Amino acid sequence: MNRIEGKIALVTGSARGIGRTIVEKLASEGAELVISCDMGEATFEQTNVRHEILNVTDRDAIKELVKKIKDEFGRIDILVNNAGITKDAPFVRMSEDAWDAVINVNLKGVFNMTQAVAPLMTKNKKGSIVTISSVVGLYGNIGQANYAATKGGVIAMTKTWAKELARKGAQVRANCVAPGFISTPMTDVLPEDVINGMLERTALGKLGMPEDIANTVLFLASDESSYITGQTIEVSGGLAL
Ligand code: NAD
């Protein structure tokens with residue numbers, strides 16, 4: 001199918017896990033080009049994927065990449081802010097380094113990327129920004145005060161973008177996806193009792209797959225969701241934290 005035919009998409013944190021699956025999904029749905037960005041190397045089989053080394057905390061490198069895309073294509077239609085990290089600790093013992101590192105990637109990284117890309121979208125009066133939040137940003141989670149703050153923060157930023165970026169008739173939309181527990185390298189390191197505890201509180205009784213998130217991102221990236229903005233879609237199998 002060609003649900004995003006001819007679009008130019010940029011996805012961060014896409015060397016592995018959810019981001020990688022999002023890149024593959026968008027590329028398989030008719031995108032002209034999907035630019036995959038990660039700190040690490042990655043190769044993709046699809047010919048309409050280009051991988052770039054990019055750290056979302058590096059504002060100069062982001063500006064340079066966006067300029068390169070603008071010079072070549074004149075537009076970015078879809079931005080997926082997916083790069084994210086965890087540095088968990090009980091709140092009272094959380095180090096300043098753990099706090100700063102997570103804020104810097106998960107919150108400021110999203111600010112950096114969107115601030116660089118949004119002007120292109122508003123100029124073209126069209127675009128879709130999809131940011132990967134988390135159920136932890138909606139409900140909180142023990143040991144994840146830093147992560148929860150970033151994932152709640154991107155939801156609040158998204159609601160603001162939905163208002164600011166749609167001024168003067170621009171059809172620029174911004175939405176979040178809030179995954180529950182998804183089987184990726186990020187969750188593979190969790191102890192078995194933590195996973196089992198999560199499964200007990202998940203109505204569907206299983207972990208989600210990266211494909212479940214990629215399908216929702218595809219919907220929000222495509223024109224099928226053209227009247228949806230400022231929203232957060234929870235994809236958690238009915239998790240009650
Ligand atoms: P992952 O750890 O498997 O992959 C994250 C990718 O981001 C890696 O390839 C890593 O190199 C990249 N990355 C990290 N820091 C970066 C930076 N500064 N610049 C560029 N790239 C960077 O993680 P995942 O499980 O695929 O998670 C993807 C997103 O989904 C994250 O935002 C995460 O918070 C969110 N999420 C995941 C789950 C889950 O259960 N896996 C649940 C809720 C939300």
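**A tour from the sheet to the ligand**

Begin by selecting Ser-128, whose bridge partner in E6 is Arg-173. This is a predicted model, in which local features need pLDDT of at least 70 and side-chain atom pairs count only at pLDDT 80 or more, while totals for chains, interfaces and linings use all residues. Residues are numbered from 1 along each chain as its sequence is written.

Next, show the whole open sheet, where seven strands follow the order E3-E2-E1-E4-E5-E6-E7 with parallel pairing (two strands pair if DSSP finds at least two bridges between them). Strand E3 (49-53) and strand E7 (232-235) are at the edges and have a single partner strand each, so one side of each lacks a neighbour in the sheet. On average, and with direction ignored, neighbouring strands of this sheet are turned by 20° against each other.

Axes here are lines fitted to C-alpha atoms, for helices over the stretch in contact, and angles run from 0 to 180 degrees between N-to-C directions.

Move on to helix H3 (residues 96-124) and helix H5 (residues 145-164), whose axes come within 9 Å and cross at roughly 20°. H3 and H5 are therefore roughly parallel to each other (angles under 35 degrees count as roughly parallel, over 145 as roughly antiparallel, 65 to 115 as roughly perpendicular and the rest as oblique). Among the residues that meet here are Trp-99 and Val-110 in H3 and Tyr-147 and Trp-161 in H5, where contact requires C-beta atoms, placed from the backbone, within 7 Å.

Helix H2 (residues 59-73) is the next selection: the axes of H2 and H3 come within 9 Å and cross at roughly 25°. The contact is made by Arg-59, Ile-62, Lys-63, Val-66 and Lys-70 of H2, together with Asn-112, Met-113, Ala-116, Val-117 and Leu-120 of H3.

Finish at the ligand, where Gly-13, Gly-17, Gly-84, Thr-184 and Met-186 come nearest of the 29 residues around it (a residue is near a molecule or strand if its C-beta atom, placed from the backbone, lies within 6 Å of it). The elements giving two or more residues to this shell are H1, H3 and helix H6 (185-188).

Definitions and conventions
Helices (H or I, at least four residues) and strands (E, at least two) are DSSP runs, numbered from the N terminus. Two residues are in contact if their C-beta atoms, placed from the backbone, lie within 7 Å.
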